[in-house]
Structures are given as structure tokens and as C-alpha cells.
Amino acid sequence: MKLFIFLFIFNSFSTPILDDVRNKFPEIISEKQVDYYLTSLENEKSTESRGYFAAMLFMKSKYVVSPIKKYNSFKKGKTILDNIIKENKSNIEIRYLRFIFQNQLPNFLNYNANIDEDFLAITKGIENYNLETKFKKNMLKNMLMVKNITTYQTNKIKLINQKL
């Protein structure tokens, strides 16, 4: 019983940062915000927290000036995110993060091989995935805003959104 109470309290302390970054993503607009989330998420252990840590590394590359630092931040984020997905193929939220970045990052980075795979996993699994409906709808809304979305993807997302 004591272990259960400890785990409950421990998880209660780590959840707010994840909820915060979930609600603010992808509208994080400064390097200061990115650094705050990188620091806050760095020692978090949950799959989702690690995924958002990787997402913050992608976002960090948007704000640093040095091309070398930009590329290193991108590369580190890519490696972390892809490894998390390899370990957690059915995690819709992490695939959503990769879908967003693979659609938004410049083509010369050649990070776009999993768009269709992630889209299929998200659209097949999101209705039954264990997340609040409000957050699921927010994920779908964000997916509609990516620059390379197809008409088919748009229609599919809208249809799923209506079902939720």
C-alpha cells in the first residue's frame, strides 16, 4: 500500500510538465520556452515525456544561430524520437510528434520517410487510444496545419474528428 501511495504521489509531480508541454506544443515560440521544456523534461522517464524532449530538440534547432548547432540539435532529436518509436510502435502520441516534424522540416534534411506509416498508425488508433478527447482533437487540428498535408489526409482527419 505504501508503494502504491508513493508511486501515485511521484507520478502526480511529474505529470504537470507533460500536460503543460502537450498543451503548448507546437505553439512554442521562443528559445527560452524550448530551453525551459528541455530542462524540465530531461530527467522524465515516461515515453511521452521523452518524445516531447526530442520534439524540443527539433524546435531548438529553429532558434540557434549556428548551422552546426542547428544540425546537431536536429540529429539528436531525430535519433531519440526514432528510437522511442522503435520501442513503442503503438504509441500514437509519439507518432503524432514525428508526423508533425517530418511534414514541417525542410526536405534537404531527408527526414520524411515515415509520414505515411505514422499517418496510418495515428488514424487507425487514435479513436481508441487512452487520451482525453480534447487532446485527441487538438492533435488532429495540429496535423491539419502541417504544410505538406494531402487532400486525402485532410479528409481522413476531418472524418475521424467528427467521430470523436
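Modeller: Let's start with a term: a residue is buried under 20% relative accessible area, exposed over 50%, and partly exposed in between, using a 1.4 Å probe and protein chains only. This is a predicted model, in which local features need pLDDT of at least 70 and side-chain atom pairs count only at pLDDT 80 or more, while totals for chains, interfaces and linings use all residues. Residues are numbered from 1 along each chain as its sequence is written, and side-chain values use heavy atoms, with hydrogens and water left out.

Colleague: Why is R95 called buried?

Modeller: The relative accessible area of R95 is 6%. Buried means under 20%, so R95 is buried.

Colleague: And what makes E117 partly exposed?

Modeller: E117 has a relative accessible area of 40%. That falls between the 20% and 50% limits, so E117 counts as partly exposed.

Colleague: How do you know that R95 and E117 form a salt bridge?

Modeller: A salt bridge is a side-chain nitrogen of Lys or Arg within 4 Å of a carboxyl oxygen of Asp or Glu. For R95 and E117, the closest N and O atoms are 3.3 Å apart, so the pair meets the definition. R95 sits in helix α5 and E117 in helix α6 (residues 115–125), 22 residues apart. Helices here are DSSP runs of H or I with at least four residues, numbered from the N terminus.

Colleague: What makes D118 and R95 a salt bridge?

Modeller: Their N to O distance is 2.8 Å, and the limit is 4 Å. D118 lies in helix α6 and R95 in helix α5, so this pair ties together parts 23 residues apart in sequence. Salt bridges with shared partners join K78, D82, R95, R98, E117 and D118 into one network.

Colleague: Why does the salt bridge between R22 and E93 tie together parts that are 71 residues apart?

Modeller: The R22 and E93 side chains meet at 2.7 Å, N to O. R22 belongs to helix α1 (residues 2–24) and E93 to helix α5 (residues 92–104), so the link spans 71 residues in sequence. Both R22 and E93 are buried. By the salt-bridge rule, the count comes to twelve.

Technical notes. Helices (H or I, at least four residues) and strands (E, at least two) are DSSP runs, numbered from the N terminus.
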